[in-house]
2 protein chains.
Amino acid sequence: MARRVAIIGLGLIGGSVGLALKRAESEAVELVGYARRPETADRARQLGAIDRIESTLASAVDKADLVVLATPTMSIKEILSQIGPHLPAACAVTDVASTKVQVMQWAEESLPQGVSFVGGHPMAGKELSGIEIADADLFKGCTYCIVPGRGASEAAVQMVVDLVHKVGARHVILNAAEHDRFVAGISHLPLILASALVMATTQSPQWPKMADFAATGYQSTTRLASQHPRMNRDICLTNGENIVAWIDELTKELQRFRTLIAEGDLGLEQAFERAWQARNAWIEEHGKKS
Amino acid sequence: MARRVAIIGLGLIGGSVGLALKRAESEAVELVGYARRPETADRARQLGAIDRIESTLASAVDKADLVVLATPTMSIKEILSQIGPHLPAACAVTDVASTKVQVMQWAEESLPQGVSFVGGHPMAGKELSGIEIADADLFKGCTYCIVPGRGASEAAVQMVVDLVHKVGARHVILNAAEHDRFVAGISHLPLILASALVMATTQSPQWPKMADFAATGYQSTTRLASQHPRMNRDICLTNGENIVAWIDELTKELQRFRTLIAEGDLGLEQAFERAWQARNAWIEEHGKKS
């Protein structure tokens, strides 16, 4: 396990990694934190998510065994090129971004030889963000994707696998293209749907009268629309092709339902039953308690 | 308040009405229950959702001040025509169906003069069904729509309003056409979206590998697909025109997002921000704790 870990970016995910790691490792690991805003870093230290603050990227990664990038996706490229010259030889760098192809490419372009990049993506989160809701239990039982970069050392991959286990998650190793295609379907498509549903309803001239009737069903279905807009934009900018393909699949299904409904087709029950069975099968095997 | 209430249909909603009413009124009201399957009625009595079982519709409504129809929507027409001849004069009949225009029409066709029909729709529920999960708190704080039928007496409307308050909900009076248009947007459209999302993802050849990555976001967005397929069919069969109109609105929004994503448009952030603000505004005013 890494002995000095630098966490760059101290929002919900970075803060939660720190809290979970500190709880698991206590004295055995030193957590160095960097955040763009000093207040955020101060708060992270107060909460126990890091041991020590560094005020520059260069000093934050100094002597680090492992660097965890937990910033917005679109700032990763710039940060990689800034930390590159200051990374210790044989250091491992990982990230927590929602998309991997683009990030792996940036890492390949920016990191010096000898440094291993091992992409990471914890399949956990909340619709809200920020250090204040960081939670040592955030990753408990979640699936955590690991995408080893070209030429990453076995030791570096193992260091990230250890991190994943220490924060309470279960690791799955896959390649970047596969990762991006999968998450486009189960995570990014739902986000687009939730946002489109909010827009279609709230822009209606009837919304002021309708709003009062919307209940828990509306609330669940739209939940992801409350994810941070910048994060959502970054996801779309780095995984657009896959997301568009899934939107097209979804649109076909939606049109199938539309036809059945417009025709009052009795096959509707069967259509709902197939969705019902498919979801229940998934819930039984993979459903989360929350 | 009614002194004898007949509850026809003892699933989640009928059972919860009984439990909530019994808790509020205790000895002051007698709850007579009817269910198609004797086991269901027995279980409802064991759980305290009704005081007494009747094994025919005719005997269940005998001397009732208020009849609550809590059966699947598509069986309401048949039940109305069966109970019609046995209803006491000046009796009030209400229902809990998710759509109102069709039900109001059936009531007008089937009920004898003097009997008042007052449509009802509690904006509460769970994705599961059945008497076992009936809950005295199900309606606590929820919006409960009331749609008075043509010629319904003031006393009958008041009896249903009292019922709504006794079960812990807040009543809103509106007309059937308005009701159906509103709930098509905030309740039926989300249900179709959830089902279409389940189909688009689970039918993909990649699903067996993807399923493991789906997390709480997927779970929330698809929740309504686990509603009972028969109930979903009935909703579509009785509110198809409104639902189709909302599907078309949603499709437009989805295509707007698709275009922005395909073009990598920086306007994406603003689009997500508008959805984010609109949902947060709704949550602040109307959000549910669950």
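User: What makes strand β5 and strand β6 of chain A a pair, and in which sense do they run?

Analyst: Strand β5 (residues 92-95) and strand β6 (residues 116-122) of chain A are joined by two bridges in the parallel sense. Two strands count as paired if DSSP finds at least two bridges between them, so β5(A) and β6(A) qualify. Along this pair, Ala92(A) stands opposite Ser116(A) in β6(A). Strands here are DSSP runs of E with at least two residues, helices are runs of H or I with at least four, and both are numbered from the N terminus.

A word on the basis: this is a predicted model, where local features need pLDDT of at least 70 and side-chain atom pairs count only at pLDDT 80 or more, while totals for chains, interfaces and linings use all residues. Residues are numbered from 1 along each chain as its sequence is written, with chains lettered from A and ligands numbered from 1 in the order in which they are written.

User: What makes β3 and β8 of chain A edge strands?

Analyst: Each of them, β3 (52-53) and β8 (170-173), pairs on one side only. They end an open sheet of eight strands with mixed pairing, in the order β3-β2-β1-β4-β5-β6-β7-β8. Helix α2 (residues 38-47) of chain A packs on this sheet, touching β2 (30-34) and β3 of chain A, and its direction makes about 155° with that of β2(A).

User: In which sense do β6 and β7 of chain B pair, and over how many bridges?

Analyst: Strand β6 (residues 116-122) and strand β7 (residues 143-148) of chain B are antiparallel, with five bridges. Pro122(B), for instance, faces Tyr144(B) in β7(B).

User: How do you know how the two copies are related?

Analyst: Chain A is superposed on chain B by a rotation of 180° with 0.0 Å of shift along its axis, at an RMSD of 0.0 Å. The two copies are therefore related as by a two-fold rotation axis. Thr221(A) is the residue of chain A that comes closest to the axis, at 2.1 Å (C-alpha).

User: Why are α7(A) and α7(B) described by the orientation they are given?

Analyst: Their axes come within 11 Å and cross at roughly 160°. Axes are lines fitted to C-alpha atoms, for helices over the stretch in contact, with angles from 0 to 180 degrees between N-to-C directions. Angles under 35 degrees count as roughly parallel, over 145 as roughly antiparallel, 65 to 115 as roughly perpendicular and the rest as oblique. These helices are therefore roughly antiparallel. Their contact has ten nonpolar, four polar and no charged residues.

User: And why do α11(A) and α10(B) get the orientation term they do?

Analyst: Their axes come within 8 Å and cross at roughly 140°, so α11(A) and α10(B) are oblique to each other. Their contact has five nonpolar, one polar and four charged residues.

Note on methods
Least-squares fit on C-alpha atoms with pLDDT ≥ 70 in both. Nonpolar A, V, L, I, M, F, W, Y, C, P; charged D, E, K, R; others polar. Contact = placed C-beta atoms within 7 Å.
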